[in-house]
Structures are given as structure tokens and as C-alpha cells.
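Q: Please take a close look at one part of this model, the place where two of its chains meet, and describe it for someone new to the structure.

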There are 4 protein chains.
Amino acid sequence: MSVSKGDQRETARTEAFSDGVIAFAITLLVLNLKDPLMDPALSMSNLNLYQGLLSQWPAFFAFVTSFATILIMWVNHHNMFTYIKRVDTNLMFLNGLLLFFIVLTAFTTLLIANHVGLTQTDNGRTAAAVYSGNATLLGIVWSTITYYSARTGLVPARPGGLRYLIGPLPYAIAFAISFFSAFLSLVVVLIIAVYWTLASRGFWRLVLSET
Amino acid sequence: MSVSKGDQRETARTEAFSDGVIAFAITLLVLNLKDPLMDPALSMSNLNLYQGLLSQWPAFFAFVTSFATILIMWVNHHNMFTYIKRVDTNLMFLNGLLLFFIVLTAFTTLLIANHVGLTQTDNGRTAAAVYSGNATLLGIVWSTITYYSARTGLVPARPGGLRYLIGPLPYAIAFAISFFSAFLSLVVVLIIAVYWTLASRGFWRLVLSET
Amino acid sequence: MSVSKGDQRETARTEAFSDGVIAFAITLLVLNLKDPLMDPALSMSNLNLYQGLLSQWPAFFAFVTSFATILIMWVNHHNMFTYIKRVDTNLMFLNGLLLFFIVLTAFTTLLIANHVGLTQTDNGRTAAAVYSGNATLLGIVWSTITYYSARTGLVPARPGGLRYLIGPLPYAIAFAISFFSAFLSLVVVLIIAVYWTLASRGFWRLVLSET
Amino acid sequence: MSVSKGDQRETARTEAFSDGVIAFAITLLVLNLKDPLMDPALSMSNLNLYQGLLSQWPAFFAFVTSFATILIMWVNHHNMFTYIKRVDTNLMFLNGLLLFFIVLTAFTTLLIANHVGLTQTDNGRTAAAVYSGNATLLGIVWSTITYYSARTGLVPARPGGLRYLIGPLPYAIAFAISFFSAFLSLVVVLIIAVYWTLASRGFWRLVLSET
């Protein structure tokens, strides 16, 4: 697939479609919060609502972490497209892949909500590995989009360097940690989200080699 | 995090994303209405559909209250962004926090639908406290956004004064009432929504010190 | 609430928000289609998938009818706002009421899917009455919006006359029929949707007294 | 229904509504991924999470295939509307029919996730027939839209020829295969999606007889 100017299109509708998918994915996260007394799979019918809600703290923790992560994704997507003025078919495909892993986050968050707690279990570690693994793939797709956009001149930046590691590497570390502690892995993902919230402008300045 | 002009961005895509999240959150509320004869957790298989629907009146009451509350949130969001012409990173973060509590409303409404009725129960009071507590946090974030926008000059208004209490205070009263009567607390939230529906223009005139 | 020019706002964001809610409501209808062999409430575990799907024809019929009805709502909403160039607070409130009944359609469709079949039952008639009653309220809100817009000069048309009945009256007939036959009532709603599909331009020409 | 210039409208809001529906439909697919240990219908409570997730591979395969298929639908919809500058009522109706089958994909994907595996079963073949049959109807609506747009001059192209078969024919082949092997039928649908991903520009060039 060669890239020619004739293949490039305006970004407005791609942004609108991405906004729709991301907004929907972030809202769907709330369906992972269950009424603890009404869900037969939770087996909490002997508790009152207050106790039931407290015992569901991993679901709330996962909700907060995923909400923050997807929100950061959107802020970065928003920022990226203030640099990218035109898209070609390859970039639309990469953007579709990005949306795929963002949508998958609703499912990986459900696994966290159901299986991670203070007690270490095999299922908890599996859930955390799936969750942080998905986030790592998201980071890799981000770096690929950044690299591709710089290489093909869709954004005014030089490609190359170690900077493409700063997206996926922290998530890869959370993935590695998940094999030892599910909860710690989740905390790392939350720290990454908080960090990007505070530093998102600096990230793009670094990646895009602004002066 | 200092705020500079260079940090400010256009609001169009932030509005579009917020519209998307609010529109989905308000629509998701309908999933809290269950077919009374089909949901095993409701144990109503001995009733006919008419009786089952009538016995579900708290779910409908919660649906109406939350729909009205989120609609007011949207109308106010719409009005606020006719004043705010540019956003900075802090405002995007505060807006994300606002969306977080709006999305959570779908879950707190589910708790109301399942646990509040005419009979006072501990679980009903817990559900009402969670519901009105979430609304209070929403009000606090609103006031913070209004204060921040005025202080940093993003809107043309003087910050300060007791006016920042009129957002969260009524919800805080509903929260206090929830410890005595779940139903009464819900009625207060509905009254607040109806009041803002009739008075939303006056609210912004007051908050923004228009002459 | 008096209406002044100063109260009027641009319609762009109201249209975008309405589009979001309607698009989401129409898509949520698909959740009313269940896998017949996986849903314990349907008690069809002795059938194969082909038989199960066939026995679910009322759910598909309700899906088609509601999809067509909401699509017509959107086409009419689209057409109406090509005439309405500015909104005031009252119109935003009426539009919110319209969205409320459109969102409720997802729930009334679920009742149809679960309770209406070829055999006449009390529950089937209850479901059809709720469904067509909701559609009648939708029609009344439409007529109110049309009347209000004409009266306040938001659209260039004379208010008045019997034309305000053509929205709600057919649905009111379906509502009356629901007390005798649930299935016939649903057929009337489908006929209305097909009619508006073929005649939507003529409808607005009539309502707005175009020459 | 005759087509006159006066019947034609701007496409902007039709595109926005279609984007909304397609974005929600693609995101709703994630609800077909279930936690294998929490869903009583899956009867996997004797497995650990890792084994449960692996045994759910058909659900993931169906998720990927449907996500890719709907994404291609959106890319093509996007491309088509760069050619179509105005819509008439017939085209809005055809577009509604297109959205209907796109939304139905969430349901047909659920049937695949629940019933298709490596073992050939009658239910698996039924699910694959419903899935590929729906995709074939989607292809036929696409071809109808392309033909109608060319005939009425909404796009600058000559109608006619065998090219209208390239949309539905591959899906019809998948439909025919579904009576022999559910899995093979699904593989064909995935290959079609990958092919269009790589060749979507060429498709429109061919269909629209660009020189």
C-alpha cells in the first residue's frame, strides 16, 4: 500500500466517529458496576446494601482506573488530531485498531471487577494480565500511529528514537507485575493515567519534537 | 500547573465528546427498567404484567428523576460553554470528573430502582445516600468549574461569594435527608431538577454576575 | 416563563445531543433480541436454535416496528430543525420530553417482545397498551412542539387547526385497539411508521402550511 | 415516489446520525464477551479464568470479525458520502435500512459467540447462516444505494453492470458455506473484511467508474 496525496482525506468525520466510539466505551464501563444484592453470581444475599457495596471495592477501583485511562486516550486522541490534518487509508486502519483495544477495555475491566481483590488468586492475576496486556497493545498502536504519521509527513515531526517506548513501556511493566500481584499491576495502570493527566501536554511536545 | 494562553484550546471537540457521554448516560438509564415478570431477582412471577409494572413504580420514579437531572446537567453544560470559548488542560480534567459523576448516575439510579419503596428500609436509605451523595459531588464539581473559569478569565465574571453553594447545597440537603427517609430524599432531588428546568437561565445570570 | 428573543439560542448543539440520544436509543433496541437457548427466562432449552429463533418472531416484529418508528422520529426531527433556526428554554424542555419518550420506547419494546404473541393474553394486551400509549404521548409532544414553534414565531407558520391531531391520533387508535388485540395494535403502529416513511415530506408541508 | 431536486437535503446530519448508530453498534459488540466464570448459561464454574477465556475463543473470533466488518462498513459509508453531496427521502430510507442490518449484526454476533465452535453442530450452522445471511442483506442494500445514487445523479457515475454483485456476492458465498461448515463461513466473512480493509479505495474507484 503506497501512500499518495490523493489517498488523504479530511479528518473531521474520523474524529467524530472516534469520539462516538470512545464516549460510548467510557459510558459502558458503568454496566460493570452491579447491584451486589441483585446479581446471583455475586452470592451476597446475606449482606446488607452497605456491606455489599463496600465488598465490591475492586469493581469501583477498576471503574475509576479504566475511566481515567480511556479519558486520557480521548484527550491524547484530541491532541493528536490537532496535529494531524489529513488521514489516509492506513491511518484509518490504525485508528480502527486503536478503537478496537479501547472498546475491549470494557471487557477487561469486567474481568478485573469480578476477579481482583486483596487476596492474591490465580484468576486475579489472569484478569490483571489480560487488562494490562490490552493496555500495552493500546500503547503499541499509539506509538505506531505516531511513528507512521511522522514518517509519512502527516504531522510535522522527525520519526525515530526511544520516545516511541514511553507509550507502551509503562503498561508493559504493569503487565510484567501482573504475574506477581494483580492489585499492584492495577495501581501502576492508575498511576500512568494520573501521570498523563498532569503531563499530557508535555508528552506531545516530546513525541512531536516541538521546539 | 500554571495556566498560560498557549495551553488553551478550542472547545468544539470537548463539547462534542461531552454531548456524546451525556447522551449515552441518559439513554442507558432505560436499562434500569426491567420486565417485572422476566427478572428472576424481582420474584414477581405470581403477578400479571399490569400488577408487576405498578409494583415497579420506584424504578419509574428513579428513571424520571435521573433523566430530568442529567437533562438539566446537559442544558447547563450547553449554557456554560456558550460562555467558555477556550479550554485548558485543567478544565478538561474537571470536565472529565463531571462526566465521571454523570455516568455514575446510571448506577446510583439502579440502586434506587432496586431498593427504595414506600416502606423505609436500611438498604433504601443506603441507596438514597449513595444517589444524593453522587449528586452532591456533581454539584461540587460544577461549582469548581464555575469558580476556576471565573478565576482564570476563561469566562468574563468575578469569582467568589456564596453563589458557589447553590449548586451543591440543595443536593447536600437531600443527602442529609436520606439518612431519615429514602423517598423524601429522592423527592428533593426531583424538585431540584424541576426548579432548574424552570430557572436555568436565571442560575447562570446569577453565577456569572451578569448585569 | 415569558419568551424573549434574548432567550433564544442556536440549534446546532441541541440537534447534536438529540441525534446522540436517538441514535443510541435505536441501537439499544437490539439488546431486546435474546439468544433463545441462553436466556433462562425464555425456557427454550429443549428447542434447537432454528426453532428457538422462529418462536421469537414477536421480538423481531417489535424490533422492526420500533426501529422504523424511531427512525421516522429522527427523520421528522431532522426536518423540523431545518425550519427551526433558534431554540428557547421552553423548546429545549419540550425536546427533552420528546427524547424521554423516545428512550422509553426501548423498554416498551422489551415488554412487547416478551409478552405479545398470536395467542391473546392479558399480559400481551397490557404490553401493547403501554407500547401504543407511549407512542401516543410521543405524538402529543410532537404536536405541542409544532404548535409552540408556530405560536412563538420560531417557525414561519400559522398555529391552529385540526392538523395537530394527525401526529397523536393514529397512535391513540392503536392504543384503543390494544385493549382488544395486542397484535393488531402493533400492526397499526407499523403501518403508521411505513406511512410516514413514504409521506414524511407531505406531513411537514401540511403542518407548516407551506404554499 | 418521484425524485425532484426540491426533495434533496444536505448530508451533514444524515452522516452524523449514521456515524452515531455505527459507533454504538460497533461498541455494543463488546457486551457479547462474557466473563466465563460468572455467566450461569456458560456452565464453566469448574474451570479457572485462563481456561475459561481460552474456551471462549469463538466469542473473540466473532468479536474481531464483526468489529472489522462494521469498521469497513463505516469506512465505506464515509467514502460514499464524500461522493454523495445531497440526500433525498428514498436515500434516507435506504440508509435507514443499512443501519438496521448493521445494528442487527450485534445480535447475529451473539449467536455466533454462543453456538459456533470447532465441533460442527446444527445450532452452529444455524447461527452462521443467520450471521452470513444478515451480511448478504447488508451487501444487497449497499449495492441498491450505489445503483440508486448513480441512476438519480446523486453521484457522478453511470449505473449498471456486474459491479453491483461484488458487495453481496462474497457474503452470499459465505451464506452457502454456512450450511456445510459454520467455522469456514465465518472465516470467509473475516477474509472479506480484511480484503476490503486493504482494497477499499479500489472498490469505490471500480463501483463509481472513476477514470
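**The interface of chain A and chain D**

A: Across the interface of chain A and chain D there are three residue pairs in polar contact, both residues being at pLDDT 80 or more; a polar contact is a pair of N or O atoms within 3.5 Å, where within protein one must be able to donate a hydrogen and the other to accept it, and residues adjacent in sequence count only if both atoms are side-chain atoms. The model is predicted, so local features need pLDDT of at least 70 and side-chain atom pairs pLDDT 80 or more, while totals for chains, interfaces and linings use all residues. Residues are numbered from 1 along each chain as its sequence is written, chains are lettered from A and ligands numbered from 1 in the order in which they are written, and side-chain values use heavy atoms, with hydrogens and water left out.

On the side of chain A that touches chain D, the elements giving two or more residues are α1 (12-28), α4 (89-115) and α5 (122-151) of chain A, helices being DSSP runs (H or I, at least four residues) numbered from the N terminus. The largest share of this side, 14 residues, comes from α4(A).

In all, the contact (heavy atoms within 4.5 Å) takes 33 residues from chain A and 34 residues from chain D. The two chains bury about 3,100 Å² between them, 76% of it on carbon and sulfur atoms, where buried area is the accessible area (1.4 Å probe) that two parts lose on being put together, summed over both. Of the area that chain A buries against chain D, R13(A), F17(A) and F107(A) supply 26%, more than any other three residues.
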